[in-house]
Amino acid sequence: MTTNDSLHAQYGETVSRGIKVLHPVYLDRAENAEVWDTEGKRYIDFVGGIGVLNTGHRHPKVMKAVAAQLERYTHSCFNALPHEPYLNVASELNRRCPIVGDARTMLTNSGAEAMENAIKLARAFTGRTALIAFDGGFHGRTLATLALTAKVAPYKKGLGPLPGPVFHVPYASADNGVSAEASLAAIERLFKVEVDPADVAAIVIEPVQGEGGFLVADFDFLKALRALCDKHGIVLIADEIQSGFGRSGKFFAIEHSGVTPDIVVMGKSLAGGFPLAALTGRADVMDALAPGGLGGTYAGNPVACAAASAVFDAIDSEQLLARSAEIGALIERHVGRLKAGPHGASIGRVNGVGGMRAFEIVDDGKPAPQRLQALLAAARKRGLLLMAAGEHGNVVRLLPPLTISFEQLDEGFALIKDALAEVLV
């Protein structure tokens, strides 16, 4: 029998050291919110491919659509020979994205690639180069997106100068105690001291930070950003790569605020586990580059597009937006019980909105990342997969499928309770 240990030894001998594995168990098969490793052990999956599986592993609608597309053709580079599945996805995104006026879409392979193209379009549209992003933000690991990402180790260490200019300011959220006024004051300081607003192409923000620990942006701050961008002719880009497709209880998290960005960047759960991402925006912004200025060999692969169309169907027909809110409420109740239990002092703040929830692990009120790592291992031993997030690495990020049964969600939290008892004995 192939073992996790033998495969992990192979990983050490064959895979780049820069690729870190969170859980050294190797996937063999999966169904909805459950996975089994190569040794046959079952786990409840609260990682979800880091937000890729809002509709779960191997959703029946997705699998049926993919099987049908495989019978027709598997690839065509859209730039050379276009195909209908691409147009179907673009039409759906144009309809669903919170964009004012006519919208246009580009499909890509990954969220980072989508963000790269959003930057290109913002620069082309405005004729400017500077970007503003936020502390705690994560926008990718490619060079341009890494410049936006607000974390040096492990992402930027040893790389030298990154594409810029990029400026970072505090992220306004009730979850981190930064007020809208403080963040806006930091932007005004930038405009006085660091960069003329007439040189700023775009402001890039996650309405709910993913890597940052599921911090929810202050709604008044988002509205003020919209007004600021309108005043100075700056493109407002909403990064919905992790928060999109129902995870927050809305199709896109920025809809909670009522703010309409100029570009929405998305990926992860768009195609139910198949590699597909996109950017959708105002037609005048999206049309800023000449024909041929955008594209990619595999971007908008027809099989992935077929999967995405099935994801739209599943979200609507199974009322997954409402279910996301129900999951969020159930998670809050479970975390509340943990806080009221014998180890409640180790549970800190609960972050997020809808089914996009996280909670802190603390020690005497301070971030406890080592305790969290011990919790991940103890939960894995019991059959539950969790992952960390947050500035200090002490936030448990919960990304179960929106299709998970409530019984499995209850089971997962029972395992968290047992794992906490082991870690804090």
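Student: Where in the chain is the place of Arg58?

Tutor: Arg58 sits in the loop between α2 and α3. Helices (H or I, at least four residues) and strands (E, at least two) are DSSP runs, numbered from the N terminus. The model is predicted: local features need pLDDT of at least 70, side-chain atom pairs count only at pLDDT 80 or more, and totals for chains, interfaces and linings use all residues. Residues are numbered from 1 along each chain as its sequence is written, and side-chain values use heavy atoms, with hydrogens and water left out.

Student: Is the phi of Arg58 positive or negative?

Tutor: Arg58 is not a glycine, yet its phi is positive, about 55°.

Student: With which residue does Glu31 form a salt bridge?

Tutor: A salt bridge here is a side-chain nitrogen of Lys or Arg within 4 Å of a carboxyl oxygen of Asp or Glu. Glu31 forms one with Arg58, and their closest N and O atoms are 2.6 Å apart. The pair links distant parts of the chain, since Glu31 is in strand β1 and Arg58 is in the loop between α2 and α3 (60-70), 27 residues apart. By this rule the count comes to 19 salt bridges.

Student: In what order do the four strands of the open sheet stand?

Tutor: Strands of a sheet pair through backbone hydrogen bonds, either parallel or antiparallel. Two strands count as paired here if DSSP finds at least two bridges between them. The order in this open sheet is β1-β2-β3-β14, with mixed pairing. β1 (27-31) and β14 (384-385) are at the edges with a single partner strand each, so one side of each has no neighbour in the sheet.

Student: Do β2 and β3 pair in the parallel or the antiparallel sense?

Tutor: Strand β2 (residues 34-37) and strand β3 (residues 42-45) are antiparallel, paired over three bridges. Glu34 stands opposite Ile44 in β3, and Trp36 stands opposite Arg42 in β3. The hairpin of β2 and β3 has four residues between the strands, and there Gly40 takes a positive phi near 90°.

Student: How many bridges join β3 to β14?

Tutor: Two bridges join them, and these strands run parallel. The bridge partner of Ile44 in β14 is Leu384.

Student: Into which domains is the chain divided?

Tutor: Domain bounds come from an automatic or database domain assignment. Domain 1 covers 4-58 + 319-424, and domain 2 covers 73-318. Their C-alpha centres lie 26 Å apart.

Student: How much area do domain 1 and domain 2 bury between them?

Tutor: The size of an interface is often given as the accessible area lost when the parts come together. Here buried area is the accessible area (1.4 Å probe) that two parts lose on being put together, summed over both. Domain 1 and domain 2 bury about 2,500 Å², with 55% of it on carbon and sulfur atoms. In contact (heavy atoms within 4.5 Å) are 32 residues of domain 1 and 32 residues of domain 2.

Student: How many salt bridges does the rule find across the interface of domain 1 and domain 2?

Tutor: The rule finds one salt bridge across this interface. Elsewhere in the listing of pairs, Glu211 forms a salt bridge with Arg397, with the closest N and O atoms 3.3 Å apart. The elements that give two or more residues to the side of domain 1 that touches domain 2 are α2 (48-51), α11 (320-340), β11 (347-353), β12 (356-363) and β16 (395-398). β11 gives the most, with five residues.
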